[in-house]
Amino acid sequence: MRIIVNADDFGQDDDTVAATIECFERGGLTGATIMPKMPATSKAVEFAKHHPEFSFGVHLTYVRENDTTPESPLCPPGEVPALTDSDGRFLPSNLVRRRAILGQIPVDQIERETTAQIESLLAHGIPISHVDSHGHLHKFKPFREALVKVLPQFGIARVRNVQDVYLTKPLKSPTFWFGPFW
């Protein structure tokens, strides 16, 4: 049996990159998913280029965490307006989730941004073993549909499973209620 231990958010910031590299060096990880276009993405890419013994995926990013974080698309914002605000940054996570549930995000916009993010890491010579998404957005229908269309173009056959484990029942969470359907 092979156990895969993957770290998300590789490239998000210097601290996250340093902690992830330390986990690799101590034998705690077999892979990581790299966030394109983040403050420390270049450091994550540099590590990945020099460590082919590990697997690396793309941590597809379509949302921003809060008003102080830098998440923005690789595509020009005008090409993905359903995902961006007037400043050209990704929309907050909860707004994107709501729009995804209501079918208000065109799949072609998600396809464009997904393609750009995958191509950005491939351009650095990093083999892509799998994808997942920041905030597990790939559990929502428009994001799943986009992945079904885009991933075969790159020969990517693995998508990390979305799993939510609850120690207490978060009664206000749509994920808690709709999770069994995803």
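Predicted model: local features only at pLDDT ≥ 70, side-chain atom pairs only at ≥ 80, totals over all residues.
Residues are numbered from 1 along each chain as its sequence is written, and side-chain values use heavy atoms, with hydrogens and water left out. Local features need pLDDT of at least 70, side-chain atom pairs count only at pLDDT 80 or more, and totals for chains, interfaces and linings use all residues.

## The sheet

Four strands make up an open sheet. Their order is β1-β2-β3-β4, and the pairing is parallel. Strands here are DSSP runs of E with at least two residues; helices are runs of H or I with at least four; both are numbered from the N terminus. Two strands pair if DSSP finds at least two bridges between them.

The edges are β1 (6-10) and β4 (128-133), each of which pairs on one side only. On average, neighbouring strands are turned by 30° against each other, direction ignored. Axes are lines fitted to C-alpha atoms, for helices over the stretch in contact; angles run from 0 to 180 degrees between N-to-C directions.

Strand β2 (residues 31-34) runs parallel to β3 (residues 55-60), and four bridges join them. β3 and β4 also pair in the parallel sense, over four bridges. Val-58 can be followed through both pairings. Ile-34 stands opposite Val-58 in β3. In β4, the bridge partner of Val-58 is Val-131.

How many of the six residues of β4 are buried? Five are, so β4 is mostly covered. Buried means under 20% relative accessible area, exposed means over 50%, and partly exposed lies in between (1.4 Å probe, protein chains only).

Helix α2 (residues 41-49) lies across β1, β2 and β3. Its direction is at about 145° to β2. Contact means heavy atoms within 4.5 Å.

## A nonpolar patch

Met-1, Ile-3 and Val-5 make a nonpolar surface patch of about 400 Å². Patch residues have over 30% relative accessible area and no salt bridge; nonpolar side chains (Val, Leu, Ile, Met, Phe, Trp, Tyr) are joined within 5 Å, like charges within 9 Å. Areas come from the Shrake-Rupley method with a 1.4 Å probe; for residues, only the protein chains shown count as cover. Val-5 lies in the segment before β1. Val-5 is partly exposed, at 35% relative accessible area.

## Salt bridges

Side chains of opposite charge can pair when their charged atoms come close. The structure holds nine salt bridges. Each is a side-chain nitrogen of Lys or Arg within 4 Å of a carboxyl oxygen of Asp or Glu.

| Pair | N to O distance |
|---|---|
| Arg-160 and Asp-8 | 3.1 Å |
| Arg-26 and Glu-22 | 3.1 Å |
| Asp-108 and Arg-112 | 3.3 Å |

Which parts of the chain does the pair of Arg-160 and Asp-8 link? Arg-160 is in the loop between α5 (141-150) and α6 (174-178), and Asp-8 is in strand β1, 152 residues apart. Arg-160 is partly exposed at 26% relative accessibility. Asp-8 is also partly exposed, at 22%. A network of salt bridges links Asp-8, Asp-132 and Arg-160.

Arg-26 is exposed, with a relative accessible area of 68%.

Asp-108 and Arg-112 sit in helix α4 (residues 107-122). They are separated by about one helical turn because they are four residues apart. Asp-108 is partly exposed at 37% relative accessibility, and Arg-112 is partly exposed at 33%.
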